Amino acid sequence: MEQSLQLRVVAIFEIFIISAVGAYLPQYIIEQTTLKKDSEVTVATEVNNESQQISETLLFRSLKCFSGGLVVAVAFCHLLADSVGDLSDDSLVKGTPGFPLTMSLAMTGVIFLVCLEQMTVVALDMVDNYNSSNYW
Amino acid sequence: MIIIIHPTIGSTTNCIEQLPPAIIDQSDKGKPQDDRENDACDNPSHLHLQITTEIGINQQQQPVTVTTVSVAEDREKKTFKKQFLKLIIFEFSVALHSVIIGFNLGILTTADIPEIKILMVALGFHQFFEGFSLGTMIIDIQKLSWNSIILFIIAFALTTPIGILIGILTSSTTTSDHANGVINALAGGFLIYAGLVEILHEEFARETSKKVSIQQRPVMCVSMILGAVFMAILAIWA
């Protein structure tokens with residue numbers, strides 16, 4: 001097997017394991033920090049009770065904000081930067097050279113998600129209230 | 001018409017009855033009686049909003065009432081649906097991106113072995129922290145079952161390997177940068193919305209649970225800046 005293929009196959013497994021660990025880690029941290037020492041008492045009701053308070057701890061909020069910063073930076077520094085490089089030759093917008101294609105596509109994504117969320121709110125409301133006659 | 005709205009918390013005796021006797025025995029060992037009762041009764045699933053509506057007076061001059069219970073439960077269901085939808089949107093936009101970067105690694109050939117090595121490390125970090133943000137979103141939904149948590153994690157972990165596999169299989173053929181660029185730009189827009197609105201704004205302006213205290217805010221800001229700086233530094237290699 002040639003070396004580059006070997007490396008790429010190794011990368012498949014490496015990245016699979018790393019991403020699974022990364023996705024499980026917050027769960028693990030929260031479990032370790034919140035479960036009490038006397039683990040015999042962890043009944044379903046008590047676990048429920050504790051997970052209600054987890055979202056109010058400073059640790060959880062910091063983790064959430066950390067990942068929020070990560071996501072925003074991924075969008076600006078990785079995705080949009082890559083895309084600007086890929087679409088810089090203007091061959092997709094021959095009629096209007098210099099059109100900011102990347103940024104308008106990103107805007108499309110944002111506005112699409114806003115509309116999607118609003119539509120689901122409307123749909124959930126309709127599901128709940130469709131019996132009442134004067135809905136609109 | 002008189003409407004009385006009063007939240008009723010399941011009374012102490014009820015709560016004790018709901019627990020199996022073995023558990024009462026165990027929890028009795030360590031704690032004083034009062035503590036155990038509070039633990040069981042603060043559970044929000046016992047809390048129902050009870051609305052009593054007086055609709056008239058019957059012949060014995062006593063009020064006739066209609067009582068609606070478990071409004072709170074209904075509302076809980078709705079927020080669960082919303083949170084689940086947010087998680088799906090987030091996972092989808094992250095997965096799109098992950099497949100693409102995996103593809104970029106997969107199409108590299110023998111000529112650029114050092115680049116493959118750099119990308120292996122960079123993508124490892126990248127996927128680790130993206131998985132981290134996905135994980136924090138997952139634990140935010142409290143009613144998700146263990147099976148679906150595992151499903152979300154596995155589905156996320158598979159995205160980049162699938163991209164690499166596609167890249168390896170198609171590395172002999174040439175691909176267009178334009179398709180990559182368009183998909184990247186759309187996914188970038190998705191992630192800007194997910195990051196700013198669904199993660200950061202929701203965390204700083206929480207309404208469902210307790211509000212963010214003054215002491216918590218600077219720490220949260222610092223951790224947000226750390227995350228952003230970290231990802232921006234990774235952009236040097238990836």
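## Chain B: elements and fold

Chain B contains eight helices and three strands. Starting at the N terminus, the order of its elements is β-α-α-α-β-β-α-α-α-α-α. The model is a predicted one.

Chain B has 238 residues, and 31% of them are buried. Taking the contacts in chain B between residues at least 6 apart in sequence, 73% connect residues that are at least 24 apart.

## Chain A: elements

The secondary structure of chain A consists of four helices and zero strands, giving the pattern α-α-α-α along the sequence. Chain A has 136 residues, of which 29% count as buried.

## Confidence

For the model as a whole, the scores are ipTM 0.73 and pTM 0.60. In chain B the mean pLDDT is 70, and 62% of the residues reach 70 or more. Among the elements of chain B, the lowest mean pLDDT, 40, belongs to helix α1(B) (residues 12-18), and the highest, 90, to α8(B).

Residues 1-48 of chain B have pLDDT below 50, although this stretch has 49 contacts in the model beyond near neighbours in sequence. Where pLDDT is low, predicted coordinates should not be read in detail.

## Interface between chains A and B

Contacts between the chains involve 68 residues of chain A and 86 residues of chain B. On the side of chain A that touches chain B, at least two residues come from each of α1 (3-34), α2 (44-54), α3 and α4 (101-129) of chain A. Helix α3(A) gives the most to this side, with 24 residues. Sorted by class, the side of chain A that touches chain B holds 36 nonpolar, 21 polar and 11 charged residues.

The crossing of α3(A) and α8(B) is right-handed. The contact of α3(A) with α8(B) comprises 17 nonpolar, seven polar and one charged residues.

In the pair with α5(B), the axes of α3(A) and α5(B) come within 9 Å and cross at roughly 130°. Helix α3(A) is therefore oblique to α5(B). The crossing of α3(A) and α5(B) is left-handed. On α3(A), the residues that meet α5(B) are A:Leu63, A:Lys64, A:Ser67, A:Leu70, A:Val71 and A:Val74, and their partners on α5(B) are B:Phe129, B:Glu130, B:Phe132, B:Ser133 and B:Thr136. By class, the contact of α3(A) with α5(B) has six nonpolar, three polar and two charged residues.

## Helices α5(B) and α6(B)

Within chain B, helix α5(B) (residues 113-140) packs with helix α6(B) (residues 146-169) at an angle of about 160°, and their axes are 11 Å apart. Angles over 145 degrees count as roughly antiparallel, so α5(B) and α6(B) are roughly antiparallel to each other. Helix α5(B) passes α6(B) in a right-handed crossing.

From α5(B), the contact is made by B:Leu123, B:Gln127, B:Gly131, B:Leu134 and B:Ile138, and from α6(B) by B:Ile149, B:Phe152, B:Phe156 and B:Thr160. The contact of α5(B) with α6(B) divides into six nonpolar, three polar and no charged residues.

## Residue B:Thr160

B:Thr160 lies in helix α6 of chain B. B:Thr160 is buried because 31 other C-beta atoms lie within 10 Å, where the cut-off for a buried residue is 20 or more.

Leaving out residues up to four places away in sequence, B:Thr160 touches A:Ile15 and A:Ser19 in chain A, and B:Ser98, B:Ile101, B:Gly102, B:Leu123 and B:Gln127 in chain B. Two of these, B:Leu123 and B:Gln127, are also on the α5(B) side of the contact between α5(B) and α6(B). B:Thr160 and B:Leu105 are 55 residues apart in sequence, and the C-alpha to C-alpha distance between B:Thr160 and B:Leu105 is 9.4 Å.

Technical notes:
Residues numbered from 1 in each chain as written. Chains lettered and ligands numbered in written order. Predicted model: local features only at pLDDT ≥ 70, side-chain atom pairs only at ≥ 80, totals over all residues. Left-handed = near helix turned anticlockwise from the far one by under 90°. Nonpolar A, V, L, I, M, F, W, Y, C, P; charged D, E, K, R; others polar. Contact = placed C-beta atoms within 7 Å. Buried ≥ 20, exposed ≤ 12 C-beta atoms within 10 Å, placed from the backbone. pLDDT = per-residue confidence, 0-100. Axes fitted to C-alpha atoms, helices over the stretch in contact; angles between N-to-C directions. Parallel < 35°, antiparallel > 145°, perpendicular 65-115°, else oblique.
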